Amino acid sequence: MTTTEEENTLQPVIIAGLDNNDPSFAYSMEELANLVAANNMVVQETLTQKLDRPNAGTYFGKGKVEELAQLVAETDIKFVITNDELSPSQIRNIEAATKATVVDRTGLILDIFANRARSKEAKLQVAIARLKYQLPRLRTSMNVCLDQQTGATGSGFTSRGSGESKLEMDRRTIEKNIAHLKEELEAISKSESTRRVQRDKAGIPTVALVGYTNSGKSTTMNGLVRMFGEGEEKQVFEKNMLFATLDTSVRSLTLPDQKQFLLSDTVGFVSKLPHNLVSSFRQTLAEAAQADLLIQVVDYSDPNHKEMMATTEKTLHEIGVKGIPMVIGYNKADKMEDVVFPSREGDNLVYSARDEASLLALVDIIKEKIFTDYEIHDLLIPFNDGQVVTYLNENAHILSTDYTENGTLLNVELHTADAARFAKYFAD
Ligand SMILES: Nc1nc2c(ncn2[C@@H]2O[C@H](COP(=O)(O)OP(=O)(O)OP(=O)(O)O)[C@@H](O)[C@H]2O)c(=O)[nH]1
Ligand SMILES: [Mg+2]
């Protein structure tokens with residue numbers, strides 16, 4: 001199918017937003033258009049209005065609502081997507097005036113997440129967020145949010161109509177469902193957090209990849225796993241789509257000098273990420289909150305990358321991630337002209353996740369940041385204590401080996417704990 005044919009089968013929508021002089025307004029409308037595309041719809045018309053604050057009843061001013069109604073009538077487009085989250089009555093009022101289905105930014109993002117969720121945990125998290133979003137909206141466009149979409153190829157929202165009565169649930173049922181889903185999620189999360197505690201105990205440092213959606217987190221993870229994974233061929237899902245990955249995956253990496261760390265890939269961010277989603281995904285995002293180091297992956301080739309970085313910082317703040325050292329990885333440098341990579345700028349790196357030299361440079365930075373408690377010593381180990389040499393070969397970085405008449409002389413970089421343990425062999 002050619003692109004144009006594909007576009008013809010996509011659900012056409014109008015996107016509409018209020019410009020309250022926020023300098024990032026144009027960017028947020030662009031982002032909204034990308035979210036629309038991610039939900040298999042296509043923006044056919046764009047309507048904006050300069051207004052300091054939204055009208056309490058109709059979001060837009062009266063004249064603009066009329067203009068929107070006229071546009072809907074002329075174009076026969078069935079969906080209007082707004083750039084902000086609206087109140088239930090605002091949605092109702094615009095729907096009444098335009099006869100179109102109004103979906104706000106939050107509803108749209110929830111829909112994309114619902115389509116993308118694969119693991120049980122992600123599905124539960126999204127389901128809870130959707131039900132919470134729906135509670136105050138019971139009498140409005142509830143079935144837009146309730147319909148389980150059939151798959152990523154489904155075009156746009158399932159429209160209202162025939163299924164409406166079937167889908168009518170009362171508030172109590174929804175509340176009961178939320179409670180039930182939360183219990184299920186908690187059961188899964190409990191085992192997750194136990195696993196996390198066990199890892200912490202093992203003292204293995206953890207590094208989390210964070211950043212805007214589609215910036216290349218999973219590609220970076222897969223590259224590093226290919227190079228340093230421990231027989232873990234398992235690659236995470238990477239794709240040119242928003243919110244490709246909703247699950248946190250953790251992989252163990254061992255570097256040639258035996259140093260080991262855990263790398264996690266986390267859900268991507270977008271601006272105005274719905275509050276309910278953030279709270280639902282808190283457990284998933286805990287991986288970032290408990291990391292020793294964050295690598296913020298940025299799509300350097302995107303002209304909006306500065307806004308995306310601001311969005312990432314804001315979201316991290318919202319989910320309570322603070323005080324963790326962060327390195328910025330300016331990714332996709334291969335897509336840019338005249339940019340030399342890998343190139344290091346302080347602790348940050350301009351790189352490409354598809355380039356091995358880049359990934360090695362990234363590993364160098366990670367090493368400097370997380371392996372701070374290592375020391376280099378000369379150790380003279382009597383031949384009788386051969387098991388110590390074996391241990392160090394497996395758990396430390398041997399820089400040189402000499403066989404003297406008194407035993408094996410090693411120049412070795414080892415963990416502080418091991419240094420204390422083998423201090424009696426020190427020869428320096
Ligand atoms: N040219 C180029 N493309 C890249 C690079 N890194 C990632 N990509 C592409 O960018 C797209 C998104 O990459 P992902 O790794 O899935 O991005 P992500 O940050 O995990 O995205 P989400 O899971 O959606 O948050 C994919 O099509 C990748 O192949 C790079 O260094 N260069
Ligand atoms: Mg990903």
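This is a predicted model: local features need pLDDT of at least 70, side-chain atom pairs count only at pLDDT 80 or more; totals for chains, interfaces and linings use all residues.

Reader: Which residues coordinate the magnesium ion (ligand 2)?

Author: Donors are N, O and S atoms within 2.8 Å of the metal (3.2 Å for Na, K and Ca); water is not among the atoms, so sites may look incomplete. Here, Ser218 (OG) and Thr245 (OG1) coordinate the magnesium ion, at 2.0 to 2.1 Å. Ser218 belongs to helix 10 (residues 217–228) and Thr245 to the loop between helix 10 and strand 6 (249–254), so the pair ties together parts 27 residues apart in sequence. Helices (H or I, at least four residues) and strands (E, at least two) are DSSP runs, numbered from the N terminus.

Reader: Is Ser218 buried or exposed?

Author: Buried means under 20% relative accessible area, exposed over 50%, and partly exposed in between (1.4 Å probe, protein chains only). Ser218 is buried, with a value of 8%, and Thr245 also counts as buried, at 13%.

Reader: Which residues come nearest to ligand 1?

Author: A residue is near a molecule if one of its heavy atoms lies within 4 Å of it. Of the 23 residues around ligand 1, the nearest are Lys217, Thr219, Ala244, Thr245 and Asp334. Helix 10 gives the most to this shell, with three residues.

Reader: What polar atoms lie close to an oxygen atom of ligand 1?

Author: A polar contact is a pair of N or O atoms within 3.5 Å; within protein, one must be able to donate a hydrogen and the other to accept it, and residues adjacent in sequence count only if both atoms are side-chain atoms. A polar side-chain atom of Arg354 is 2.8 Å from an oxygen atom of ligand 1. Polar backbone atoms also take part: that of Lys239 lies 3.0 Å from a ligand 1 oxygen, and that of Met241 lies 3.4 Å from one. The protein covers 93% of the 650 Å² of accessible area that ligand 1 has on its own, areas being computed by the Shrake-Rupley method with a 1.4 Å probe.

Reader: Where is Gln49 found, and what does its side chain reach?

Author: Gln49 is found in strand 2 (residues 41–50) and counts as buried, at 16% relative accessibility. Its side chain reaches the backbone nitrogen of Gly61 at 3.0 Å.

Reader: Which residues other than glycine have a positive phi?

Author: Among them is Gln258, with phi near 75 degrees; this residue is in the loop between strand 6 and strand 7 (260–265) and is partly exposed, at 30%. Lys99 has a positive phi of about 65 degrees. Lys99 is found in the loop between helix 4 (88–98) and strand 4 (101–104) and counts as exposed, at 73%.

Reader: Which peptide bond is cis?

Author: The bond from Phe341 to Pro342 is cis, with omega near -5 degrees. Pro342 is in the loop between strand 9 (326–331) and strand 10 (343–345).

Definitions and conventions
Residues are numbered from 1 along each chain as its sequence is written. Chains are lettered from A and ligands numbered from 1 in the order in which they are written. Side-chain values use heavy atoms; hydrogens and water are left out.
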